[in-house]
Amino acid sequence: MLIAGADGYLGWALSMALASRGYEVVGIDNLSRRRNVEEIGSWSALPIKTMLQRLSAFRNLYGKSITFVEGDLTNYVTVRDLIASYKPTAIVHLGEQPSAPYSMIDVNHCVYTHTNNVVGTLNILYAMHETSPDTHLVKLGTMGEYGTPNLDIPEGFFEIEYKGRKDRLPFPRMAGSWYHWTKVHDSGNIMFACKIWKLKSTDVMQGVVYGTRTDLITSPELFTRFDFDEVFGTAINRFCAQAVIDYPLLPYGKGHQKRGFIALRDSIQCLTIALENPPEKSEYRVFNQFDEVYSVGDLAERVERHGRELGLSVKVDHIDDPRVEAEEHYYHPDSANLRKLGFKPTHTLDDELEIMLKDLMAHKERIQAKRERIMPKPYWKR
Ligand code: NAD
Ligand code: USQ
């Protein structure tokens, strides 16, 4: 299994999970996430070791090895040589710039995000075509590709009738940031590559991921990153980090924005299911990957309640939405494909919140030290 983006939040957790299931795992990462978080003056709330330290801790604790290559997916020769030499059964492509706010900072951050994400994916597709056409590509897209239409959201495709004729077509994409649009472009490129080169791919429309743990993250030596700043932190993770330093939780605008959410350990479970149930040759399939839909306002209240039970004095503050997005909308995405293949969440949101808050309370000083990086800037409105 080749994991692109193996040093990241999901990538490290997935690499360990697959190695512990007995797969030979090779990871590639250019460590850009570490540099980009440093660029905006923040750091991971949970201290993370270097990749070499984590690999050796994993070997010592679980007796399994993971091969790691430091390399850039935008370099075609690197990507082609790696894929040619391993001819992996599958590639899980997580190696993109994933922050919507980062992509909205200015033209340089927008163009960097587009170049990095779209070129990296094209390189993987070309390298598969040239050297390993039977490899299954599992590509991380995002639920945000669809936006928030006033319709149910199918998994990738829908039947449509227009002027008396019918067809099965890709569901319209209406992304909400330059980052989210890179995923839309990727999806179009992957679908086209599957058609012309008979490649096979699962394009995963994933919701927002939260959590600090998987079953294998049993020691601080193995922590995966956990960001909470306004640029790289995501909703539930930010709320939990804010709760432990008495910083008000900030549902933006009315707080009625709804999204699909999934725990880190369940995201790893879903990706494993997708890998172990590959599509046919030439098939391009889409899975919507989330557990439950919540509004950000409800989530803030939920974190507030749990925080109080743990003795924290949590408050919720509503601030103007720094983004351009619908603050109130219909949201009803389908998510049956992964469940049909056996996906079952193992922990409730309440269990997971308690675990996260306790993990973060042990590293309160690291969140406190970057307190000034929590308040969002209105990058969308500049
Ligand atoms: P992450 O930033 O922690 O991980 C991505 C990794 O890819 C990083 O370690 C980064 O250094 C690496 N990378 C980026 N560009 C690269 C390049 N050109 N060459 C080599 N390595 C490169 O992000 P994450 O939260 O683990 O997300 C993983 C994937 O899942 C991303 O594609 C993201 O868009 C998608 N996703 C994430 C979430 C979420 O809530 N975390 C939700 C939906 C989709
Ligand atoms: N939000 C708040 N308060 C906060 C942080 C976020 O109200 O403190 C709101 C945002 O305005 C938005 C929603 O919560 O309406 C989600 O924002 P987010 O920052 O948690 O997530 P987003 O920017 O959408 O991006 C994250 C990941 C990205 C992934 C995406 C999945 O960074 O890689 O693609 O979640 S999805 O949201 O389904 O598109």
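**A ligand shell and some aromatic rings**

By class, the shell around ligand 1 is made of 10 nonpolar, 10 polar and 7 charged residues. Here Ala, Val, Leu, Ile, Met, Phe, Trp, Tyr, Cys and Pro count as nonpolar, Asp, Glu, Lys and Arg as charged, and the others, Gly among them, as polar. Keep in mind that this is a predicted model, in which local features need pLDDT of at least 70 and side-chain atom pairs count only at pLDDT 80 or more, while totals for chains, interfaces and linings use all residues. Residues are numbered from 1 along each chain as its sequence is written, chains are lettered from A and ligands numbered from 1 in the order in which they are written, and side-chain values use heavy atoms, with hydrogens and water left out.

Let us start at the ligand. Of the 27 residues around ligand 1, Asp 29, Arg 33, Asn 116, Tyr 179 and Lys 183 come nearest; a residue is near if one of its heavy atoms lies within 4 Å. In the side chain of Asp 29, an N or O atom is 2.6 Å from an oxygen atom of ligand 1. For Lys 183, a polar side-chain atom lies 2.7 Å from an oxygen atom of the ligand. The protein buries 96% of the 820 Å² that ligand 1 exposes when taken alone, with areas from the Shrake-Rupley method and a 1.4 Å probe.

Now turn to the aromatic rings. The structure holds 9 aromatic pairs. Rings of Phe, Tyr and Trp (its six-membered ring) pair if their centres lie within 6.5 Å, and planes under 30 degrees apart count as stacked, over 60 as edge-to-face and the rest as tilted. One tilted pair is Phe 58 with Tyr 62, at 5.4 Å centre to centre and 45° between the planes. Both belong to helix H3 (residues 51–62), and because they are 4 residues apart, about one helical turn separates them. Helices here are DSSP runs (H or I, at least four residues), numbered from the N terminus. Phe 58 is buried, at 0% relative accessible area, whereas Tyr 62 is partly exposed, at 27%; buried means under 20%, exposed over 50%, and partly exposed in between (1.4 Å probe, protein chains only).

How far apart are the ring centres of Tyr 102 and Phe 232? They lie 5.3 Å apart with planes at 40°, so this pair is tilted too. Tyr 102 sits in helix H5 (residues 100–103) and Phe 232 in the loop between S10 and helix H8 (235–244), so the pair ties together parts 130 residues apart in sequence.

Note on methods. Polar contact = N/O pair within 3.5 Å; in protein donor to acceptor, adjacent residues only side chain to side chain. Helix = DSSP H or I, 4+ residues; strand = E, 2+ residues; numbered from the N terminus.
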